Structures are given as C-alpha cells and as structure tokens.
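Take a look at the fold shown here.

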Amino acid sequence: MIEINLLPRAGKKAGRRSGAVSLGALGGSLADKVRDPYLTGAVVTLVLAALAIGGLQWRTTVRAGALAEQERQAMQDSTRYTAILKEKRAAEAQRDSIVAQLEIIRSIDHDRYVWPHIMEEVSRALPAYTWLTSLNQTSAVVSRAARPDSAQAKADSAAVAAGASRDSLAAQPLQFRIVGHTVDIQALTRFMKQLEASPFIQNVQIARTDAAVTDGQQVTEFQLDAEYETPPPSAIRTVPVTLSVR
C-alpha cells in the first residue's frame, strides 16, 4: 500500500532529531573514553615529554652559545698571550746578550791589570847584578775576553779531557815562570824574598839553577815558579790619569 507524507517538514525534524541524538551519543562515548585513566596518563606523559624535550633543547642551545662565547674569548686571550710570550722571549734573549757582554767586560776589567802588577813587582824586586831573560805564564788561560766562544769551548773541552773541570780552571790562580841570570847566588835569595813579600805574588819556588857562561863570565841561570795573588783592597792605589796637550 502506498503512503504519502503530507508533512515533509516533520520528516526533516525527525531526521534532525535522530542526528542530534547520535551526536550526543558520540560525545558521551568520547567523555567516557576521556575518563579512562590509562588514556589520561598517556596524554599527560606525552605532554611532559614534550615539555622536557623543549626544556633540554633550550638549555642545550643556551649552553652552546655560552661555550661559543668562551671559545671566542679563549682564542682572543691565546692570541694576546702568544704576542706577550714572543715579546718576553725577545726581551730575555736581549737580556742574556747584555749579561754575556757584561761578563766579557768584567773579565777584561778583572784581568787587564794582572800582568802590569806582576811586571812592576818583579822589576821592583830585581836586585843588582841580576837580569831576566823571560817571564811567561805557565797556567791555562781561562779568560773569555781574548778568544771567541768556539776557541773557549775547545780549550774547556781539552781541559776536561785532561781531567780538570771548568770550575777548577777558573779557581786556579795565574802561574808564571821567571828565567834569568845572576852573578851572585845571594842576590837570587834576596830576589825570592822580595817577590814573596809582594802582595801580588805568592808561592815563589826555585824550579832549577844551572851554571852558565855569558859573555865569557860565569853566571848562574835560574828558573823561578810563582803565582799571582789577589791583593787586599788596601794594597790597590788608584791615581787619576791626565793627558797633557801641547
């Protein structure tokens, strides 16, 4: 049997009512699902994980920026300190060069008056009827002033090979030998006593004496070994040097 709906609006409202009922049921089901504790825990865990990851990312970014700034500062400090160290090494090299030059000057100044004092004292102590034929140094020369470093190194190496250290060479007093003739053996004794009395000479000893003939005359040839002695300050007399201009 055929039925005709004479009220079409009522059908639409009924359809709408049925749709509203279905949406309400869907909302209720969702509310029921949200009330599930496991789903709530999962959602909360995801939110906390996202917040933790974001916080770690922000902290890592901030720390990376701080480390980059520290690296830049360290590079600047390294460059500045490198320049300072270069200047320090250059200053130390210049200082060492000046110290070496001062040592050479001090060595020259310390040794330059040794032989003038020796020759003056020998000449002053020389008695009558006695004359000298040679006056030579017999000890090793340890002054750096008269030789370059290579020659000094060779001399020091030879001395070490011979069994003497550099310190022992530096501490060794200057030794010299006097060779001469005399016609009076007593004059030789007076000569030795006067040399020993000098504040610049010590350890005067006879090396040998021989009979010799000079210009048809019988003489005594002698060799004396002695050492230079550093005098006390009171024995040193200084006088001003004046230059006369004509």
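## The first pairing

In which sense do S1 and strand S2 pair, and over how many bridges? S1 and S2 (residues 175-182) pair in the antiparallel sense, over seven bridges. Within this part of the sheet, Ser134 stands opposite Val179 in S2. Two strands count as paired if DSSP finds at least two bridges between them. Strands (E, at least two residues) and helices (H or I, at least four) are DSSP runs, numbered from the N terminus.

This is a predicted model, in which local features need pLDDT of at least 70 and side-chain atom pairs count only at pLDDT 80 or more, while totals for chains, interfaces and linings use all residues. Residues are numbered from 1 along each chain as its sequence is written, and side-chain values use heavy atoms, with hydrogens and water left out.

## The whole sheet

Four strands make an open sheet. Their order is S1-S2-S4-S3, and the pairing is antiparallel. Strand S1 (130-137) and strand S3 (201-214) are the edge strands, each pairing on one side only. Neighbouring strands are turned by 20° against each other on average, direction ignored. Strands of a sheet pair through backbone hydrogen bonds.

S2 and S4 pair over eight bridges, in the antiparallel sense. Here Ile178 stands opposite Leu224 in S4. S3 and S4 also run antiparallel, joined by eleven bridges. Ala212 has Val219 in S4 as its bridge partner. S3 and S4 form a hairpin with two residues between them. In the turn, Asp215 has a positive phi of about 55°.

Helix H3 lies across S1, S2, S3 and strand S4 (217-228), running at about 160° to S1. Helix H6 lies across S1, S2, S3 and S4 too, at about 160° to S3. Axes are lines fitted to C-alpha atoms, for helices over the stretch in contact, and angles run from 0 to 180 degrees between N-to-C directions.

H3 (residues 114-125) and H6 (residues 185-197) pack at about 140°, with their axes 9 Å apart. That makes H3 oblique to H6.

Which residues meet? Glu121, Val122, Arg124 and Ala125 in H3 meet Phe191, Gln194 and Leu195 in H6. Contact means heavy atoms within 4.5 Å.

## Rings that link helix and strand

The structure holds three aromatic pairs. Rings of Phe, Tyr and Trp (its six-membered ring) pair if their centres lie within 6.5 Å. In one of them, Phe191 and Phe222 have ring centres 6.2 Å apart and planes at 70°, so the pair is edge-to-face. That label needs planes over 60 degrees apart; under 30 counts as stacked, and the rest as tilted. Phe191 lies in helix H6 and Phe222 in strand S4, so the pair ties together parts 31 residues apart in sequence.

Key
Angles under 35 degrees count as roughly parallel, over 145 as roughly antiparallel, 65 to 115 as roughly perpendicular and the rest as oblique.
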